[in-house]
Amino acid sequence: MAVYPTKRLRRLRYNPLVRDMVRETYLNKNDLIYPLFVVPGENVKNEVKSMPGVFQLSIDNIVKECKEVSELGIPAVILFGIPEEKDEMGSGAYNDNGIIQRAIRAIKAEVKNLLVITDVCLCEYTSHGHCGVLDGENILNDETVSLLAKEAVSHAQAGADMIAPSDMMDGRIASIRKALDYKGFTHIPIMSYAVKYSSGYYGPFRDAAESAPAFGDRRSHQMDIANSDEAIREAESDITEGADIIMVKPAGAYLDIIYRVKTQFQMPTAAYQVSGEYAMIKAAGKLGWIDEERVMIESLIAIKRSGADLILTYFAKEAAKYLDKN
Ligand code: PBG
Ligand code: ZN
């Protein structure tokens, strides 16, 4: 191997055309999944305070938004629902006339060429804001899993193209797969939130989805931020149970985990750049402390470079526009 002065690494950096030639990582529109929050009512468009540019939208506005997203060349959205009413069992989640089910039907009727993914969890639908059914303060695993399977089937029946369980109960992928297959949805893929940490970065999302837990936290099911080997065990069990795509969440502070999971399993791997990651870049950008567009792209390229194939991000529309002009 050559050494300096024969070897000069700067040689490939002088000419912009050469720099482009040796670029290793690209962000593509096909990598992007745009999260949307559906609320009851008509003509509702509430900006989420901690997430400038992100709105709670009623179904009529969701349909408009989906048309715009599709026209921008973004292939997929993921839907989160805020129901009319919440109860202890989160029954709005698996009601065939629930907010998400109606939203899916409306989008499917009017927007061509857009993949509709649905988040499957109970926390947006329970009065206590927890991801499952409670016994006192304990989230019951297996009882919750049966309801999640019902929720997934109900989404598929409404026309969802892909199911994304975000609850972190044990055994939910196997149950959801079995329930979908039994109802004839053998062709509907599952994108599992396989490695989901108990993270402070979800704060703004809980404003957007009105899903903050009334007491306690999510540490009894989401992962400890300090763990990495456990991420491998989580991903492995979801893959074994039938997950088609595995997700790591959050993204930016967990690039090592994305790298490990991708390297170990070579599965299609998604990463969720979550609400707090978006909020921090937006806030610093608004203050003029960073160049927002530049840091947005840098954050997304970093996620891809670490091994992610897909990125769920609130920046999807802005990133698509950026890719159009550059
Ligand atoms: C629901 C869910 C959450 C997110 C996605 N699905 C919140 C949570 O677990 O509290 C977070 C997404 C974000 O912060 O952008 N289980
Ligand atoms: Zn949840």
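Predicted model: local features only at pLDDT ≥ 70, side-chain atom pairs only at ≥ 80, totals over all residues.
Okay, so a polar contact here means a pair of N or O atoms within 3.5 Å.

Let's go to the ligand. At Lys 196, an N or O atom of the side chain is 2.8 Å from an oxygen atom of ligand 1. Arg 218 also reaches an oxygen atom of the ligand with its side chain, and there the N or O atom is 3.0 Å away. Then there's Asp 119: one of its polar side-chain atoms lies 3.5 Å from a nitrogen atom of ligand 1. So how much of the ligand does the protein bury? Taken alone, ligand 1 exposes 400 Å², and 100% of that is buried by the protein. And the space it takes is the largest cavity.

Who's around it? There are 19 residues around ligand 1, and Lys 196, Arg 206, Lys 249, Ser 275 and Tyr 314 come nearest. By type, the shell splits into 10 nonpolar, 3 polar and 6 charged residues. If you're tracing the chain, look at strand 9, 191-196, and helix 6, 203-208: each gives the shell at least two residues.

Now, over to the largest pocket. About 350 Å³ of space lies in there. Which element supplies the largest share of its lining? That's helix 10, residues 292-305, with 5 residues. The lining includes Asp 20, Arg 23 and Glu 24, and also Ile 297, Glu 298 and Arg 305. Sorted by type, the lining has 3 nonpolar residues, 1 polar and 5 charged.

That's my tour, thanks!

Note on methods: Residues numbered from 1 in each chain as written. Chains lettered and ligands numbered in written order. Heavy atoms only, no water. Near = heavy atom within 4 Å. Polar contact = N/O pair within 3.5 Å; in protein donor to acceptor, adjacent residues only side chain to side chain. Areas by Shrake-Rupley, 256 points an atom, 1.4 Å probe, with all protein chains shown as cover. 1 Å grid on protein atoms, 1.4 Å probe; cavity = no way out; pocket = protein on both sides within 12 Å on 5 of 7 lines; lining within 4 Å. Sits in = over half its atoms within 2 Å of the grid points. Helix = DSSP H or I, 4+ residues; strand = E, 2+ residues; numbered from the N terminus. Nonpolar A, V, L, I, M, F, W, Y, C, P; charged D, E, K, R; others polar. Points joined across faces, edges and corners; volume = space filled by probe spheres on them.
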